Every structure is written in C-alpha cells, then in structure tokens.
Amino acid sequence: MYREDVDFRLWWLLLAHPPCPPLYLSFLLYATMERMARELSPTLEEQQKWGLISWPYLQARIVKKWGNVIRYDFESLYSGEESDYFHTAAMPGDGSLIRLRVTLPGDSRKLYYQRVTDPDPESDFSSWTYLSIYNVITVASCAYEGNVAQFYINSSKKIYWRESADNGASWGAWTLRTTTATTSITGFDATYKPNGDLCFIYFDNDTLYLQQRLSSVWQAKVSHGTQLDNATGCSIYYYEDWNIVATRGAADAVKSVNTCIYGDGERQALETWSDWETAISRGTTEPYNYYAPSVRRPDTTRLYFVESFTQEENLNHIWYSHMPPSAHFDEVAWLEPVPTEPQTIYGLAFTQGGSYAWLTNANKVYRAPAAEDALVLTARLLEVDSRDYPDIYKGSLKVVIDNTGGWYNDFDRLGQQLEVGIGYKTSEGDEYSLVPCRWITKFKLVAPPWYPLRMIYPRGVTGTLKIETEDAWTFLYRYRTRRTLSWSADEKSVKELLQFFIARCGLDFDVISQSDAIQNFKPAFTVNSGTSYRTAIKRLLKMVPDQLVFRDAGVLLRNPTTEEAVDWTYHTTFGTALLIFRGKYGKTAQDPNRAEIWGDTFMKMGTNWPQVTMVRDRLSRVTSPDYPDLTRAGERAEAELRRAEILTGGESEMNAPINCGLEPWDILEITDINAGVSALRRRVLRIKSYWNARHWSYQQVIKLGDD
C-alpha cells in the first residue's frame, strides 16, 4: 500500500545516484563539521547531513518592508480649508492625536489646539479650539506614554510651555520657560527621554539652542559652538543621546540636511556637542532648498523634510529617508531620500502611536499602517529558485505559488520584501535558514497548458502565481547619485565609504571579519553625478581584499583570508559529512599574477612567482587612487593577487543536497572519491538553491574558486 508519509522518489534518487562504492559500509563513519559560517541549530546541522533522505521544509512569506524597515503607505484622511502655516503634532500612549497650529500673519498668528481621541477616517479633524493666544512665531510638541508637552515662541521673544500627564485630557497652565535673543526663529522642536526628561531646541539667527529638563529640574540653556549658516529648520529625538537634524539653504549658498548630537554619555560625551555632519546636500548653484525636518524613532530613525525646487515651477514635495535599524545616529547612514506626493513649504509633522504612523500639517492628515502585513505562502509553495552570484554582482529569487483556488487573484505586493527559508523537518520540528531577502518587482498569474501538457504541473494545480524579485546588487545599480560626491584623502576609510553607499540603499551593514586595508586606507574618492551605487561599491572593493555577504536583509563584510578555518565539509560517503551528488574540480592560471601599485614617488610590486614561472606574468597596473605610502600600496598589491586567486584560480563546481547555512565566500573541504579528490579546499563563489514540488528536486549548484 502507498504511504503518503514516505517519499519513495527520494529513495529512487539515492539508488539512481549512488555517491560512491563504499556507501553501504559508511554509516558507521561520522565526522562533525569543523566550523560553520552561519550558525544553525545542532538538529538542523545534523539533519542536513542526511539531506538526501530528509524531508525538506521551506518557508515563504511577503512583508511590507524594505531592508527590514516597515514601509509606510500613507492614505489621506483629511484635507481642509485651514491656512497652511506653522504646526505641530504629537501622539501620547492612548493614541490621541494632539495638534497645535498657527494662523497666518494677516490673522494675528493665533494659536489653535485640537485633540482627537481614537483618530480614524470618520474623525472630525476640522474642529479647533482657539487658545486666546496670538502673535505666535512657531510651535513645538512631543509625547511619551501619558505625558504630552507643548511649546510656543511669541513675538515678544518668550518661550511658553505646558504639560499634560493624562494624554492631553487636562493641562497645566502655560508657563514662561525662557526667552530668545531675537525673533529670527527658524526651527523649533521638542522630545522626551523615556525616563521623563524633556528637551527642546530652536534656531535663533543660525545658532542652535538647547534646554533640558532633567529629573523635573530645568537646566541652563546651551548653544552649539558652530553656527549653521542659513538654517531653515530643526528637529530632535532621543535614542542613546539627544539626536538633532537641521536643514539649511539660501540662494548661491550651501543647501543641506545636517545632523549633530548633544551628548547623554552613550555615543557622545555627556553635555558636549558633536560637530555638524552633512547627511544630504545640493550644490550652491542648484535651484533647491531644504526646510522643516521632522525626525522620530518609532522603530528606526525616520525623517521627513521639504525639498523645495525654486525655478519657474515651484515644487515643495515632502521627501523621506530613514537609517538602517542597527545604525547609530553618529554614523550618518541614511537611505537615499525618496520623494512623496504631498507638497507644503511648512513640512509635515511625523508621529506614531499604536498600529499607525501619522503625518499632519495645519490642513491635512495622513495615516499609514505601521505593521509588516505579512502574507504567508508556505503551505502553497511549489517552486523556489534562489541565486546568489556575488562574483558578478548579481542575484535573484523566484517562487511559484499554487493559485488553484484563486487565493491570490488580487495579489499586489510590488516593492515588498520576499523572505524564503530553506530547511528540513528535524526532531525539533520544522527548521530553516533564510536565503538573502529580495524585493518583488514582477509577478504573473499563470494558467496551465491544456491536458496532457498539464501533467508538468503538480497534481491538482490548475493555476499559479509566479513572483520575481531583484536583489540588493540590482537595487544598488538602480540607485544613481543625484550629484557628484567627493571625499578628500584621509577623510573616510574604504569601510566607511562602503557603509555610506549601502545605507543609501536602506540596508544594515555589519562585519564578520575585516582587513587592515579596509579600515586604514582613506582614499580620495569621487563619484560623478548619475553613477550607480553598485559601480561605486565595485570600485571600493577593488581596493581591498574584503567581500560583501548578503544575509537576510542586511550586508556583512568578510575578509577571505587563507588562515580561515573550513566552514563546511563535503564527502561522497553518505552520512560522513554533507553529501555530494557530483562535482568537477579544476585549476586555472590566475589573472593577474603580478601587480604594480604606483604612487607619486614609488612603485610597490606583488607577485605570485609560481604562477609567473608557469604562465608568464599577467599584470595588473594600478595608478589610482593615490597611495600615501608603501604599506597601503602593499595591501593593494596583496588584494589584487588574493582576489585573482579566489576568482580565477580554481574552476570548480558541484551539485549537492541543500545546505541551509551555505553562503558565498564560505570555505569548503571536499572529498569526492569518484573524482579522485581528497580534502580539497575551495571557496564558494556562487550558489543556486532549487526546490520543485513536482520533481522533488531539492539541491544546490555551487560554483567554487580557489583558496
């Protein structure tokens, strides 16, 4: 009798492809793996040794994320008749939306207040309360849990504030807090620290001022020692320290979004200022300006600001950026800004509470779900094709989903993150490891062919959804520099430059291992306007031996040295180690095998003498960037030869059952008895992982280089 819990096709595959003659004597042999590049559970690590007769498990889902950051899709809830002028918004713990707005100078700059409890599409956002306060220059507010604080600055150069401890249901009296030097106020914002401390900032004549309330006691006002010329706005939030974003710009002057930190002792020394850093900028003659930043950190640091185009057609679109989740504010790692549809010169106030994020100004309210909105595809997964080819800067992921019941007829998930896990059923349950995340750029609803050609479809399937994606390399290619980017020598290391470009794609950056060269070499580096970020990264990677590994939705740095331990052991003897179906293992002449690195007054040569003796010299002559000394030049020479050794030194390939933890640049030790290979050391260059439910094909094709 046929048993559905036994896959006889896997046993047929074992008989059809016997790994080696001593298979049936080898079950007593057991060798543990020496080291794993990616950590797997002990049960999954053990199970995949028996992958040929193990039951596959694959997991797939789609989430509304980019680089593990939830994507906000805002919808308009309100568009009213209020005049667009200065405005602020905050959301305390009960989810109330609390706003202040100032009327135009022609209406005496009156101050109005609004509190909307449980805001939703049916709420009345047009009802405001006049606070009998006028001649207001600008306003600020913030909230944390049940506390809400509101501030305003008036034309008498006075800053007033009030606070609520019950989510804005009741308020203390307006109290004079301090005074300003002038009425030239060009930015104002406030934020809470989770312990209840409070801080507000403002620009007065291009000088940034800050005042804290610590343990319920207001401290002396402090100012940044360096003016930010032509300042147009500022915003602040607390995470590790007091983090500040400012905008500036004027005709024939610098236009930029800048950042600084006032230290709370975490990343910046207590009660000290960091220098101003430039996050985003335009040339002095470009017809742009920046205004009205609003920065908060509900999950990661998110920023909204106005980019104003000042030629004949005046555009004042809101632009958006964020920092990768693990980035620290002082790393100045920002997503390349993305334009949004709303336009207003006074900006939008960003806040979040509960399950929604909010953008508001005086006459508009926008709302976006702040959830990943996961769509799980695991139960209907028919086919997975994952390819990771970093040696040619390319990758892809395609999946095919059963849509027989029309479950996905309304599928519309373009731009969202596809997460696929490959694994096995183990004694601990279903276990898997994610392949690198990809982002959906194409999908098709597919009808099957007529019978009998329909037999190529899995049994019972009469319609499918095919999803295609692009990887981080492709997105880096699609991102183009908006202007020429330039760093002088000794300004940033190669590692810091790589982090800048990777963050511009919205991805986290971390380190497995790194060379001295990538940390210490600080080249003069210029990227012309219109150049893809992928091109810039390729240029940087040529300067060092290090390589990039894409893991989950982030990017890792790895230095593939000859001293690394073996990551995975493969053998044709079943159960001894990870199994090999078949393989071919070669050796090729390296290109280049000699490198010359030229400086102004020296030349450093690196040579693989055995290769030169065998095939004559194949030269790589490097004349840029400028190398300051023989040490840095020697590192580049070593990098040229090391890269050639890995990429062109060993032309090898093998087929094997799925290894859930395998990544590019991993080191394999291979014993293929049928091919006459024993303890061969090779490094992974490319991985194709494939699953097909119809044919029960669950394997990897692995391209290998030398080590």
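Predicted model: local features only at pLDDT ≥ 70, side-chain atom pairs only at ≥ 80, totals over all residues.
Which residues have the most contacts inside the largest nonpolar core of this protein? The residues in question are Phe501, Phe525, Ile537 and Leu548, and the core to which they belong has 60 residues. The element that gives the most to this core is helix H4, residues 494–504, with six residues. A separate core, of 41 residues, lies apart from it, and includes Leu40, Tyr408, Val435 and Leu668.

If we set aside the neighbours within four places in sequence, isoleucine 537 is in contact with Trp473, Leu476, Leu498, Phe501, Ile502 and Leu548.

Now to helix H4 itself. Is this helix mostly covered or mostly uncovered? It is mostly covered, for nine of its eleven residues are buried. Those buried residues are Val494, Leu497, Leu498, Gln499, Phe500, Phe501, Ile502, Ala503 and Arg504. After H4 comes glycine 506, which has a positive phi, near 85 degrees.

Let me step back to the chain as a whole. The protein chain has 707 residues, and 56% of them count as buried. It contains eight helices and 50 strands. The C-alpha trace spans about 95 × 75 × 50 Å along its principal axes. Among contacts with a separation of 6 or more, 63% are between residues 24 or more positions apart.

I turn next to the cysteines. How many disulfides are there in this model? The count comes to zero. For those new to the term, a disulfide is a covalent bond between the sulfur atoms of two cysteines. Consider cysteine 199: the nearest cysteine sulfur belongs to cysteine 142 and is 9.2 Å away. Cysteine 199 counts as buried because its relative accessibility is 0%. In the case of cysteine 505, the nearest cysteine sulfur is that of cysteine 437, at 13 Å, and cysteine 505 is likewise in no disulfide. Cysteine 505 is buried, with a relative accessible area of 0%.

My next topic is the space inside the protein. The structure holds three cavities of 30 Å³ or more. The largest cavity contains about 150 Å³ of space. Its lining is made up of 17 residues, and those nearest its centre are Asp388, Val435, Pro436, Leu662 and Ile687. Val435 is also one of the residues of the 41-residue core. Three strands each supply at least two residues of the lining: E30 (381–389), E33 (429–434) and E49 (677–692).

Finally, I would draw your attention to proline 390. Where does this residue lie? Proline 390 is found in the loop between E30 and strand E31 (394–402). Proline 390 counts as buried, because its relative accessibility is 4% and the limit for buried is under 20%. Beyond its neighbours within four places in sequence, proline 390 is in contact with Trp473, Pro664, Trp665 and Leu685. Proline 610, by contrast, is 220 residues from proline 390 along the chain, and their C-alpha atoms are separated by 28 Å.

How values were computed:
Residues numbered from 1 in each chain as written. Heavy atoms only, no water. Core = buried A, V, L, I, M, F, W, Y, C linked by side-chain atoms within 4.5 Å. Buried < 20%, exposed > 50% of the residue type's maximum accessible area, 1.4 Å probe, protein only. Helix = DSSP H or I, 4+ residues; strand = E, 2+ residues; numbered from the N terminus. Contact = heavy atoms within 4.5 Å. Disulfide = S-S within 2.5 Å. 1 Å grid on protein atoms, 1.4 Å probe; cavity = no way out; pocket = protein on both sides within 12 Å on 5 of 7 lines; lining within 4 Å. Points joined across faces, edges and corners; volume = space filled by probe spheres on them.
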